[in-house]
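Welcome! Have a look at it first, and then read on.

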Amino acid sequence: MIPKTMKAVVLTKPTQAENVRLHDVPVPQPRPGWVLVKVKAFGLNHSEQLLRLSEIQADYIQKPIIPGIECVGEIADPSDSSFQKGQKVAALMGGMGRSFTGSYAQYALLPASHVFPIETELSWAEMAAAPETYFTAWGSLFECLQLGKDDTLLVRGGTCALGYAAIRLAKALGCRVIATTHREQKLGLLKEADQAVPDTGKLAGSFSGVTKALELVGPKTLRDTLRCVEKGGIVCSTGILGGVYALNGFDPIKEIPNGVYLTGFFSNYPTQQTMEDIFSFLRSHQIKPNIGAVYPFEAISEALFDMDHHKTDGKIVVTM
Ligand SMILES: NC(=O)c1ccc[n+]([C@@H]2O[C@H](COP(=O)([O-])OP(=O)(O)OC[C@H]3O[C@@H](n4cnc5c(N)ncnc54)[C@H](OP(=O)(O)O)[C@@H]3O)[C@@H](O)[C@H]2O)c1
């Protein structure tokens with residue numbers, strides 16, 4: 001039985017974590033092309049932090065908005081889709097939590113095109129740590145960097161959920177992995193990599209044999225990362241942890257070394273095939289998605305506070 005009302009986080013303006021509350025709101029009504037998902041768990045993301053603290057002011061954000069760009073759960077109402085009631089699904093991106101209501105709620109009405117049936121033995125919390133983080137790591141490594149087992153991968157900005165996921169996937173494939181952190185005290189958290197390196201901001205010339213680089217610090221260090229890979233190597237700019245979002249005055253002729261390739265990954269376009277490939281890879285390599293901390297939904301404010309204040313390491317998951 002679907003209730004008439006549900007608990008949800010509803011934002012209208014920039015909101016500090018301490019001020020985030022659960023509100024009673026109507027459960028959304030299914031409509032053609034959209035399915036109602038009973039949310040079982042969801043992961044927190046850096047991009048939701050940006051939305052909550054500042055981006056919410058932008059005209060393109062539908063307000064009031066229930067944030068949350070991903071979730072896992074069960075189909076509560078399949079509407080006119082081919083989904084079955086009770087089917088296990090993951091959903092992510094495509095405007096979720098930005099241009100339509102997201103996952104910080106007991107139910108989410110989502111476009112069927114961004115909801116994916118998933119077969120997995122993982123718990124809800126483990127499953128919730130995967131969709132956005134592993135989809136982004138997977139796309140960056142395999143679609144963009146064309147990673148193979150003989151590659152040496154540099155993960156710049158390794159101590160984030162995405163970094164830990166990328167390291168775990170690349171190691172499972174058999175690559176040599178070098179990972180960096182801007183906090184020396186966090187070097188120990190990169191133990192799954194073959195080499196953990198403190199990031200001084202200038203790493204060019206420190207390595208030999210790096211064939212692929214995943215840039216998670218972003219434009220702040222991109223110029224230097226381009227000089228860390230060998231000729232024929234590829235750099236994928238996926239993160240913006242450094243707080244710089246675009247490069248003014250970037251001179252591709254002089255700043256991309258000859259024979260080095262630059263690409264970027266945007267996680268807005270997940271597909272059923274890729275989601276199946278990811279969960280099947282996790283299963284066959286016996287990988288569990290990394291979890292930093294798990295909070296109950298009632299403690300969402302605390303979970304967001306801990307994310308804002310870097311109190312946890314790795315993916316933060318909220319369970320219902
Ligand atoms: N391109 C895409 O489609 C896409 C998709 C998903 C995520 N992303 C991006 O990928 C990055 C990682 O996302 P996430 O969700 O995995 O983040 P996250 O787990 O929330 O990571 C945030 C943590 O990264 C750490 N960090 C590591 N290196 C840093 C640095 N150089 N500067 C600042 N903080 C640093 C910070 O902790 P410490 O400072 O304590 O180390 C911070 O707590 C973010 O920039 C996110 O926006 C991009």
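Around the ligand there are 25 residues, and those that come nearest are Cys 160, Ala 161, Leu 162, Gly 239 and Ser 267. Please keep in mind that this is a predicted model.

**Around the ligand**

- By class, the shell around the ligand consists of 13 polar, 9 nonpolar and 3 charged residues.
- Three helices, α1 (46-53), α3 and α4 (161-173), each give at least two residues to this shell.
- Helix α3 provides the largest share of the shell, with 3 residues.
- Both domains take part as well: domain 1 (5-129 + 291-319) and domain 2 (136-264) each contribute at least three residues to the shell around the ligand.

**The two domains**

- The domain assignment divides the protein chain into domain 1, made of 5-129 + 291-319, and domain 2, made of 136-264.
- If you look for their C-alpha centres, you will find those of domain 1 and domain 2 lying 29 Å apart.
- Where the domains touch, domain 1 puts in 4 residues and domain 2 puts in 4 residues.
- On the domain 1 side of this contact, 2 residues are polar, 2 are charged and none is nonpolar.

**Helices α3 and α7**

- Helix α3, which supplies the largest share of the ligand's shell, spans residues 131-144, and its axis comes within 10 Å of the axis of helix α7 (residues 272-284).
- The two axes cross at roughly 100°; angles of 65 to 115 degrees count as roughly perpendicular, and α3 and α7 are therefore roughly perpendicular to each other.
- At the meeting point, α3 brings Tyr 134, Phe 135 and Trp 138, while α7 brings Thr 274, Met 275 and Ile 278.
- Sorted by class, this contact of α3 with α7 has 5 nonpolar residues, 1 polar residue and no charged ones.

**The chain as a whole**

- The protein chain contains 8 helices and 15 strands.
- Along its principal axes, the C-alpha trace of the protein chain spans about 60 × 40 × 35 Å.
- How does the radius of gyration fit a compact globule? A compact globule of 320 residues would have a value near 20 Å, and the protein chain has 20 Å, so the two agree.

Terms used:
Residues are numbered from 1 along each chain as its sequence is written. This is a predicted model: local features need pLDDT of at least 70, side-chain atom pairs count only at pLDDT 80 or more; totals for chains, interfaces and linings use all residues. Axes are lines fitted to C-alpha atoms, for helices over the stretch in contact, and angles run from 0 to 180 degrees between N-to-C directions. Helices (H or I, at least four residues) and strands (E, at least two) are DSSP runs, numbered from the N terminus. Angles under 35 degrees count as roughly parallel, over 145 as roughly antiparallel, 65 to 115 as roughly perpendicular and the rest as oblique. Two residues are in contact if their C-beta atoms, placed from the backbone, lie within 7 Å. Ala, Val, Leu, Ile, Met, Phe, Trp, Tyr, Cys and Pro count as nonpolar, Asp, Glu, Lys and Arg as charged, and the others, Gly among them, as polar. Domain bounds come from an automatic or database domain assignment. A residue is near a molecule or strand if its C-beta atom, placed from the backbone, lies within 6 Å of it. The radius of gyration is taken over C-alpha atoms; the globule rule is 2.2 Å times the number of residues to the power 0.38.
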